Amino acid sequence: MEELKLVKRGSESLIYYGVFQGIRAIYKIRSTKAYRHQLIDKKLNAERTLSEAKIMFAALLSGINTPAILFVDPGKYTIIMEYLAGPTIKDAVSTTASLEVFKEIGYMTGKMHKNEIIHGDLTTNNMILHDNQVFFIDFGLSKRSRDIEDMATEVHVFLRSLESVHPEIKDEAFSIFLDGYQEASGMKKEVLQKMEEIRMRGRYVDERRNKTRNR
């Protein structure tokens with residue numbers, strides 16, 4: 001293995017930059033958990049590594065921009081993928097990127113959902129602007145699902161990330177996102193209806209918590 005440079009330390013994995021067979025690459029290595037039994041930890045990490053790689057490959061085959069997978073080693077909890085140069089969408093939107101980038105994000109999200117792929121952590125920090133195209137990264141929480149609630153939850157998470165990180169453009173950005181989403185999936189109405197149910201449940205839980213605290 002080539003010498004690797006640590007570029008990010010996440011809660012679930014370590015991200016390294018290196019070279020794999022002459023290709024600039026990112027190494028994603030899942031972290032072991034000391035609180036889990038060793039055999040269970042090994043089994044879970046191997047299964048999740050393989051699942052993430054399979055879903056990334058399925059997304060790629062569905063026409064979603066993701067890094068190409070170069071090598072997978074479930075036994076070492078490692079996925080090696082191509083390195084993509086460019087800023088995250090979070091940073092790009094704050095500097096040079098046009099709001100129209102959100103239509104591409106919406107279109108690809110709709111395409112993923114149409115192909116029963118849930119990213120699991122849909123935020124502008126998990127997207128890279130590379131060669132003027134949006135690429136989705138970090139499928140560590142991804143899964144396969146045809147459940148409309150899973151899709152609505154994903155869109156809700158994306159809206160919450162806009163409200164948190166890009167509050168000054170959230171309304172326009174989300175509207176443009178939905179245009180792209182509808183174009184790819186045709187499910188905008190159903191997803192928004194379910195998303196409103198999710199938001200209502202969240203408000204109800206918050207109200208109950210506040211009442212409990214004030215007793």
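In this predicted model, the C-alpha centres of domain 1 and domain 2 lie 23 Å apart. The two domains divide the chain, with domain 1 covering residues 5–82 and domain 2 covering residues 89–214. To the contact between them, domain 1 contributes 13 residues and domain 2 contributes 17 residues. The size of an interface is often given as the accessible area lost when the parts come together. For domain 1 and domain 2 this buried area is about 1300 Å², of which 62% falls on carbon and sulfur atoms. On the side of domain 1, the residues that lose the most area to domain 2 are Ile 55, Ile 64 and Asn 65, which together account for 45% of what that side buries.

The polar part of the interface can be described in terms of residue pairs. Across the interface of domain 1 and domain 2, six residue pairs are found in polar contact, with both residues of each pair at pLDDT 80 or more. On the side of domain 1 that touches domain 2, the elements that give two or more residues are strand S3, spanning residues 23–30, and helix H1, spanning residues 38–61. Helix H1 gives the most to this side of domain 1, with five residues. By residue class, the side of domain 1 that touches domain 2 is made up of six nonpolar, four polar and three charged residues. The count of salt bridges between domain 1 and domain 2 is one.

A salt bridge is formed by Asp 138 with Lys 28, and the closest N and O atoms of the pair are 2.9 Å apart. Asp 138 is located in the loop between strand S8 and strand S9, the latter comprising residues 143–144. Most residues other than glycine have a negative phi.

A positive phi is likewise found at Asp 131, which is not a glycine and has a phi of about 50°. Asp 131 lies in the loop that runs between strand S7, residues 127–130, and strand S8, residues 133–136.

Thr 123 is placed in the loop between strand S6, residues 117–118, and strand S7. The relative accessible area of Thr 123 is 16%, and the residue is therefore buried, since the limit for this class is under 20%. When neighbours within four places in sequence are left aside, Thr 123 is in contact with Phe 158 and Ser 161.

Thr 49, by contrast, is found in helix H1, where it is buried with a relative accessible area of 1%. The side chain of Thr 49 reaches the backbone oxygen of Asn 45 at 2.7 Å. Residues up to four places away in sequence not being counted, Thr 49 touches Arg 30, Val 72, Asp 73, Pro 74, Tyr 77, Thr 78 and Ile 79.

Note on methods. Residues are numbered from 1 along each chain as its sequence is written. This is a predicted model: local features need pLDDT of at least 70, side-chain atom pairs count only at pLDDT 80 or more; totals for chains, interfaces and linings use all residues. Side-chain values use heavy atoms; hydrogens and water are left out. Helices (H or I, at least four residues) and strands (E, at least two) are DSSP runs, numbered from the N terminus. Buried means under 20% relative accessible area, exposed over 50%, partly exposed in between (1.4 Å probe, protein chains only). Contact means heavy atoms within 4.5 Å. Domain bounds come from an automatic or database domain assignment. Buried area is the accessible area (1.4 Å probe) that two parts lose on being put together, summed over both. A salt bridge is a side-chain nitrogen of Lys or Arg within 4 Å of a carboxyl oxygen of Asp or Glu. A polar contact is a pair of N or O atoms within 3.5 Å; within protein, one must be able to donate a hydrogen and the other to accept it, and residues adjacent in sequence count only if both atoms are side-chain atoms. Ala, Val, Leu, Ile, Met, Phe, Trp, Tyr, Cys and Pro count as nonpolar, Asp, Glu, Lys and Arg as charged, and the others, Gly among them, as polar.
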